[in-house]
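Please open the model in your viewer and keep the selection panel at hand. The tour below goes from stop to stop, saying what to select and what is there.

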Amino acid sequence: MPLPFYRELYVTSPYMSGDDVSIAQTLLARDDAVDSSLVCDGVFGNDSKEATTAFQTANKLPSTGILDSVSAQMLLDLHSADGFTDSGFTAASMGYLYKVHVPVHTNRSVETYATLFDQDNNVLLKFKTRQHGLRDDGSSEAWPDYGDGDEGLNQFSSSGNTVTGLVEMDLNSPEPNPQVYGPWPVNRVVRGLDGNALLMLPNIRDGILIHTGNWTTEAVDWKPSVDMPNSSGCLHAHPSDVERIYSLLVGLGVEVRENPFSGKDYPYKPQGIAVIELVD
């Protein structure tokens, strides 16, 4: 089965349930052939079987009602994109102090420039990011893994590509390992509000940060003209940019919160909002 799926999904007694079912239901609901009444409740019942059958029939697959590996892969290929786009809203309009917009490509080996805005959408900084998780076969080389040009493991999988959608974000004190995360405060993705992030964060995936690292090794003398290495789904940025983001945010009155190391049961009101948007 293609990740994040690890088993075929079909009607059993008792019904199958879990995150894999929730992901399947969310993707099935995006298909025009599936009845709009499908409830994404994480339980694979008769309505999920009917939705799977409708999807298979519409896409000329055997209409078994069983989400097997072929059906699962087609589901991922056709419906992973959430369609969420930035409307141009301001952070202030939603009660936040800053906003980040991150365009991403299907091939996450292609780095992009993100934009940091103040609460009124004044541009503070444009900075390069890499949003690539593990390699698309689920493997990784020794850290830091500079990749092989692949698209990256899909965002529904543990340690896959950065999840798209609308998310809350907050400034946390530095992670304990400056070699891997850099010495500066990090921006933590706390909770998904729309798009794939609404499904995934923070209960299925967690720990997504904007951070940097010391990426120079015996094999690679890293410098800003070189692509950044892959992460486990975080947003990598250049060291000078992460330091600058921290400085700019503090200048806006953003507080550096004591790092709770998770978005689950997050103890603070997030101060930022971000759009992570697929642009191709």
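On a 1 Å grid over the protein atoms alone, a cavity is a set of points where a 1.4 Å probe fits but cannot get out, and its lining residues have an atom within 4 Å of a point. This is a predicted model, in which local features need pLDDT of at least 70 and side-chain atom pairs count only at pLDDT 80 or more, while totals for chains, interfaces and linings use all residues. Residues are numbered from 1 along each chain as its sequence is written, and side-chain values use heavy atoms, with hydrogens and water left out.

**The cavity.** Select Leu171, Pro185, Val186, Asn187, Ile210, Val242, Ile245 and Tyr246, which line the largest cavity. Its volume is about 30 Å³, a volume being the space filled by probe spheres set on the points, with grid points joined across faces, edges and corners. Helix H6 gives the largest share of this lining, three residues; helices (H or I, at least four residues) and strands (E, at least two) are DSSP runs, numbered from the N terminus.

Is valine 256 buried, exposed or partly exposed? Valine 256 counts as partly exposed because its relative accessibility is 37%, where buried means under 20% relative accessible area, exposed over 50%, and partly exposed in between (1.4 Å probe, protein chains only).

**Strand S10.** Now select strand S10, which is largely enclosed by the rest of the structure because six of its seven residues are buried. Strand S3 (residues 98–104) pairs with S10 in the parallel sense over seven bridges, two strands being paired if DSSP finds at least two bridges between them. Within this pairing you can pick out histidine 101, whose bridge partner in S10 is valine 275. Strand S6 (residues 165–172) runs antiparallel to S10 and is joined to it by five bridges, and here methionine 169 has glycine 272 of S10 as its bridge partner.

**The largest pocket.** A pocket is an open set of grid points with protein on both sides within 12 Å along at least five of seven lines. The largest pocket holds about 530 Å³ of space and is lined by 24 residues, of which Leu76, Ser80, Thr106, Glu151 and Asn154 lie nearest its centre.

**Helix H1.** Finish at aspartate 19, in helix H1 (residues 19–28), whose C-alpha atom is separated by 6.4 Å from that of glycine 42, 23 residues apart along the chain.
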